Structures are given as C-alpha cells and as structure tokens.
Amino acid sequence: MPIFENVVASIEQADALDPVADRVSAGLDAVLKPPVRKVLSGAWLGHPVHPLLITAPIGAWVSATVLDVTRGNEVAARRLVGFGLVCATGAVATGASDWRGTVGRARRVGIVHMVFNSLALVLYTASWRARAGGRQHRGMVLALIGALLLSGGGYLGGHLTYVLGANVDVPGAVADDLAETLLVG
C-alpha cells in the first residue's frame, strides 16, 4: 500500500535519526561484547536467532488477544501475556545485537522498529499488571494498543529483512541462483 511505502521511505531518509541510533548503538557496544554478540547472532546455530525467538511472544500475545476478543478465559489471557513478556527478553536481546551492525537506511528503519516494539513491550507489561490487579478491561485495551504497535514494528522488521536485506547472508549456490534470477528476470 502506498501509504506504508511512503512512511517507510520517509523513515529511510530521516537522517535526524542517526544521532539517536549512534547513541543507542554505542550503548549496546558497551554491553554486548564480541563473545555475547556471537551467541546472540546465532553463529553457533548457523542461522540468525532473532527470527526464531520473535515467534513465541507474538504467538502468545495474539492468542491472548483472541481470548480477549472472544471473551475467553481471562486467566489464560493473563498467563499468555506474561509468557510473551518472558519470551520477549530473548527477542529483544537478539534483535538489538543484530541491529547494532546495520548502517544507513537499515539502521534508521531498525531504530524505529525497535521503538515500536519497545513501546509494545511496555504496553504488554502494563496489560499484564492491570490484569493481575483485577482490571481486566484495562488490560485488554492496553494489549490491543500494544498489538497495533507490534504490527507496525513487525512491518518494519519485514521491510528490514525482505526489502533492505539487513543481516541477510545469501551463501554459495543460493547466491548464484539469486543473481541469475535477478539478471534474467
């Protein structure tokens, strides 16, 4: 859709994000030393870890939303939100580690992706606290807003990978096939 493409194009060109991204990256570099980055990157697995870890919190939170919308089990919805919060820690760590190596357009889109998902995480935390405090409706509303932000962050994450190719390494024969496809097609 053109509106999404225009928003993302604006983010890609927003060099005002660079100083913020540089400060965040410097902070991450102070914490994520090379051995830690190697583990978080998935070098030991031969595959990035972040895409694997994002499925658990997203699945838990979407499931909680289904229970909320269908007036399902409130206890199960609260537990799913909490489970998503626990699982999100790994997704945040691996995503931050992957992002710190980006530059230019990918770095800008990545910092906004990080902000959207961080805000979603704050809202899901508030949702869990509200639910635990017996304020189910408030928890539902906070989770729905969190889901909207998570969707925006997910869109940007997809753009990072599939359009900008951030942290994508196409090895050997696959690269040859891709080059041939691009040249022929």
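1. In this predicted model, the side chains of R37 and D29 meet in a salt bridge, with an N to O distance of 4.0 Å. D29 is partly exposed, at a relative accessible area of 29%, and salt bridges with shared partners join D29, R37 and R100 into one network.

2. The count of salt bridges comes to six, and one of them pairs R105 with E12, whose closest N and O atoms are 3.2 Å apart. R105 lies in helix α7 and E12 in helix α1 (residues 2-13), so this pair ties together parts that are 93 residues apart in sequence. R105 is partly exposed, with a relative accessible area of 42%, whereas E12 is buried, at 7%.

3. The axes of helix α2 (residues 18-31) and helix α7 (residues 104-132) come within 10 Å and cross at roughly 70°, which means that α2 is roughly perpendicular to α7. D18, A21, D22, V24 and S25 of α2 make the contact with R107, R108, I111 and M114 of α7, and these residues divide into four nonpolar, one polar and four charged.

4. A salt bridge links D22 with R107, the closest N and O atoms being 3.6 Å apart; because D22 lies in helix α2 and R107 in helix α7, the pair ties together parts that are 85 residues apart in sequence. D22 is partly exposed, with a relative accessible area of 43%, while R107 counts as buried at 12%.

5. On confidence, the protein chain averages a pLDDT of 90, and 91% of the residues score at least 70. Among the elements of the chain, α7 has the highest mean pLDDT (97) and helix α9 (residues 172-184) the lowest (49). Where pLDDT is low, the predicted coordinates should not be read in detail.

Definitions and conventions. Residues are numbered from 1 along each chain as its sequence is written. This is a predicted model: local features need pLDDT of at least 70, side-chain atom pairs count only at pLDDT 80 or more; totals for chains, interfaces and linings use all residues. Side-chain values use heavy atoms; hydrogens and water are left out. Axes are lines fitted to C-alpha atoms, for helices over the stretch in contact, and angles run from 0 to 180 degrees between N-to-C directions. Helices (H or I, at least four residues) and strands (E, at least two) are DSSP runs, numbered from the N terminus. Angles under 35 degrees count as roughly parallel, over 145 as roughly antiparallel, 65 to 115 as roughly perpendicular and the rest as oblique. Contact means heavy atoms within 4.5 Å. Ala, Val, Leu, Ile, Met, Phe, Trp, Tyr, Cys and Pro count as nonpolar, Asp, Glu, Lys and Arg as charged, and the others, Gly among them, as polar. pLDDT is the predictor's confidence in each residue, from 0 to 100. Buried means under 20% relative accessible area, exposed over 50%, partly exposed in between (1.4 Å probe, protein chains only).
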